[in-house]
Amino acid sequence: MSSSRLAAQRSEVIAIAQRMTADRLVVGTSGNVSVRCGDLVAVTPSGVDYDDLQVADIPVVNLDGVVVEGELKPTSELPMHLTAYREHDAGAVVHTHSLHATALSLLRNEVPAVHYQLADFGGPVRVADYATFGSDALAESMSKALADRTGCILRNHGTVTIADSLPKAYNRARQLEWLCELWLTATRVGDPSLLSEEELARCAELFSGYGQQPR
């Protein structure tokens, strides 16, 4: 792993963390993001204002959670991030405290099939059982909810989305928040119509070929 690429990945962590604040997916220093660089992970530090971050402030850890570069302590949610890399082959992880997704977690055990965009997550997004933030129990709960999925909601807490790149994981975080807002908005005036499992499966097949494909 070249130092120049590592610097680029750490810069990307800062950019996405700052976008989370601008897009109102987090408040203050809540939430965290990371990206895998070979056998290393660049991750947001604990309790530092995202607007003040510099590249050198981004801790780099190995897959056992040992800091190998940087002076600041990694996010308290590091167990979740490392679990996503070890058990779900993630390339990047985004954890938000988005309002509508967290509100939905108080009411439902999964995101209802209100839109075909759920197909991008592998099916209905599950709500993981509550566990204390930063704990191994939370990482385990998240991992169960992420099985065969690219995102989940943590009850009374926030969301976790994964992808092969940080921009893609972040886009999923935004989409998940929108899906939850859509359901909550619809329920204010009636009983939302939902898509069938068959239709979601059909859309999942279509998503596999969506966008620009490599030549």
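Start by selecting residues 11–184: over this stretch the chain is 34% helix and 19% strand, and the end C-alpha atoms lie 35 Å apart. Helices (H or I, at least four residues) and strands (E, at least two) are DSSP runs, numbered from the N terminus. The unreviewed UniProt entry annotates residues 11–184 as "domain: Class II aldolase/adducin N-terminal"; UniProt positions are given in the numbering used here, feature names are shortened, and annotations may be inferred rather than shown by experiment.

Before you go on, note that this is a predicted model, in which local features need pLDDT of at least 70 and side-chain atom pairs count only at pLDDT 80 or more, while totals for chains, interfaces and linings use all residues. Residues are numbered from 1 along each chain as its sequence is written, and side-chain values use heavy atoms, with hydrogens and water left out.

**The sheet**

Now colour the strands. The open sheet has 8 of them, in the order β4-β3-β2-β1-β5-β8-β7-β6, with mixed pairing; two strands pair if DSSP finds at least two bridges between them. At the edges you will find β4 (67–69) and β6, each with a single partner strand, so one side of each has no neighbour in the sheet.

Select β1 (residues 32–37) and β2 (residues 40–43), which run antiparallel and are joined by 4 bridges. Valine 35 stands opposite alanine 42 in β2. Their hairpin has 2 residues between the strands, and glycine 38 takes a positive phi near 65° there.

Move to β6 (residues 127–128), which pairs with β7 in the parallel sense over 2 bridges. Alanine 128 has leucine 154 in β7 as its bridge partner. Trace the chain from β6 through helix α4 (residues 136–146) to β7 and you follow a right-handed β-α-β crossover: with the strands pointing away from the viewer, the path from the first strand over the helix to the second runs clockwise.

Show the side chains of β7 (residues 151–154). Both faces are covered, with Gly151 and Ile153 buried on one side and Cys152 and Leu154 buried on the other. Buried means under 20% relative accessible area, exposed over 50%, partly exposed in between (1.4 Å probe, protein chains only).

β7 is also joined to β8 (residues 158–163), antiparallel, by 4 bridges, and cysteine 152 stands opposite valine 160. In this hairpin, with 3 residues between the strands, asparagine 156 takes a positive phi near 55°.

**Histidine 157**

Stay in the loop between β7 and β8 and pick histidine 157. This residue counts as buried because its relative accessibility is 11%. Residues that histidine 157 touches (heavy atoms within 4.5 Å) include Glu77, His95, Thr102 and Phe133, not counting those up to four places away in sequence.

**The cores**

Of its 23 residues, Val13, Met20, Val33, Val35, Val94 and Leu166 touch the most other members. At least two residues come from each of α1 (3–22), β1, β5 (92–96) and α5 (166–187), and α1 gives the largest share, 6 residues. A second, separate core of 22 residues includes Val41, Ala90, Val160 and Ile162.

Note on methods:
A nonpolar core is a set of buried Ala, Val, Leu, Ile, Met, Phe, Trp, Tyr and Cys residues joined through side-chain atoms within 4.5 Å.
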